[in-house]
Amino acid sequence: MKKTARAAFAATIAIAMVAWPAFAPAQDYPNRPVRIVVGFPAGTSADITARVVGARMGQILGQQFVVENKPGAGSKLAAEQVVRAPKDGYTLLMANISNTITTPASAKFNFDFQKDFAPIVQLTTVPNVLVVHPSIGVKSVKDLIALAKAKPDQLSFGSSGVATGTHLAGELFKMQTGVKMVHVPYPGSPQSVADLVAGRIQVLFSPASTVLPQAREGRLIALASTEAKRTASAPELPTMTEAGVPGYTTGLWFGLMAPTGTPKDVIEKLNRAGNEALKSEEVIKATRPLGIELVGGSPEDFARFIDREIKRWDEVVKAAGLSK
């Protein structure tokens, strides 16, 4: 009997030791710094979201959240880095609209965005603002449309890169109004805004946080915001629908994702921390003046949102000649 009892006890311990790695990560997670990889440069809305929300999540979970900027290829480089990382919750992607645009836009990815990434929580949305250089003499969206039709392919619009949210915002504008403009891609919003202020390009759809300060100083002319309702950071700006382009709505969004296979309880822990961070006074105060709106929700909510975004942009991707 004793031998049988000892054998049973040994078998129980062996099973527990095999099972332990599956449960240990979430019990003491995080026990070292967590990286958030951002596919855009410092100072962009993606970077600001990661730093502000990540700092609060770090306080909640008792570990530092470190932001790593890896711009390029419409956030593809950042996604490739994260998908190769260990599935342990210590390397996260700041997912964004570009990931859902470039999914149908390329057949040469080293990953499948929907299959290889697990949603954690949608953090923010950011309205784009349509701005122009004062030298072109337009004061409204209707003026811009008239000028672009009178001078096809003579106006250039900037973006944060090919197949990014700001690029497709311009392509959607072209598709819905019938104008022809030349696309000029940049590594990120700061560079495109700098060239617009300098007059090297004439038109730009850009996050409110990056262009409203220049518009208020008179260096740029803000014509409209791109969400369905007016942005709280610039309530005086009409929506695109109000400005004469019915049904035009688009904006940026950001949320955390991890490589698929990350333990579910780690995902849930990060989701709870993210939602708690979004309700904190310091996050609200830091984001509200920039026009960044806080979202939150479950991983399932975020997954459904991503699915809708991928389907939504397919037509615009094809119209822009970016489809595979």
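Helices (H or I, at least four residues) and strands (E, at least two) are taken here as DSSP runs, numbered from the N terminus. With that in hand, welcome to a predicted model, where local features need pLDDT of at least 70 and side-chain atom pairs count only at pLDDT 80 or more, while totals for chains, interfaces and linings use all residues. Residues are numbered from 1 along each chain as its sequence is written, and side-chain values use heavy atoms, with hydrogens and water left out.

**The chain as a whole**

Twelve helices and ten strands make up the secondary structure of the chain. Of its 324 residues, 54% are buried, where buried means under 20% relative accessible area, exposed over 50%, and partly exposed in between (1.4 Å probe, protein chains only). A contact means heavy atoms within 4.5 Å. Among contacts between residues at least 6 apart in sequence, 77% join residues at least 24 apart.

**Backbone points to look at**

Most residues other than glycine have a negative phi, and most peptide bonds are trans. In the loop between α1 (2-27) and β1 (34-38) sits Pro30, which is joined to Tyr29 by a cis peptide bond with omega of about -10°.

Asp153, in the loop between α6 (141-150) and β5 (156-159), is not a glycine, yet its phi is positive at about 65°. Asp153 counts as partly exposed because its relative accessibility is 44%. Ala163 also has a positive phi, about 65°, without being a glycine, and lies in the loop between β5 and α7 (165-177). With a relative accessibility of 4%, Ala163 counts as buried.

**Helix α2 against helix α10**

Two packed helices are described by the angle between their axes and the distance between the axes. For α2 (residues 45-61) and α10 (residues 264-278), the axes come within 9 Å and cross at roughly 115°. Axes are lines fitted to C-alpha atoms, for helices over the stretch in contact, and angles run from 0 to 180 degrees between N-to-C directions.

On the α2 side, Val53, Arg56, Met57, Ile60 and Leu61 take part, and they meet Lys269, Leu270, Ala273, Gly274, Glu276, Ala277 and Leu278 of α10.

**Pocket and cavity**

On a 1 Å grid over the protein atoms alone, a cavity is a set of points where a 1.4 Å probe fits but cannot get out, and a pocket is an open set with protein on both sides within 12 Å along at least five of seven lines; lining residues have an atom within 4 Å of a point. Grid points are joined across faces, edges and corners, and a volume is the space filled by probe spheres set on the points.

| Space | Volume |
|---|---|
| Largest pocket | About 180 Å³ |
| Largest cavity | About 120 Å³ |

The lining of the largest pocket includes Ala118, Pro119, Lys264, Ile267, Pro299 and Ala303. At least two lining residues come from each of β4 (117-132), α10 and α12 (299-319).

The structure holds one cavity of 30 Å³ or more. Fifteen residues line the largest cavity, with Phe40, Ser160, Ser189, Leu252 and Phe254 nearest its centre. Two or more of the lining residues come from each of α2, α4 (97-105), α7 and β9 (251-259).
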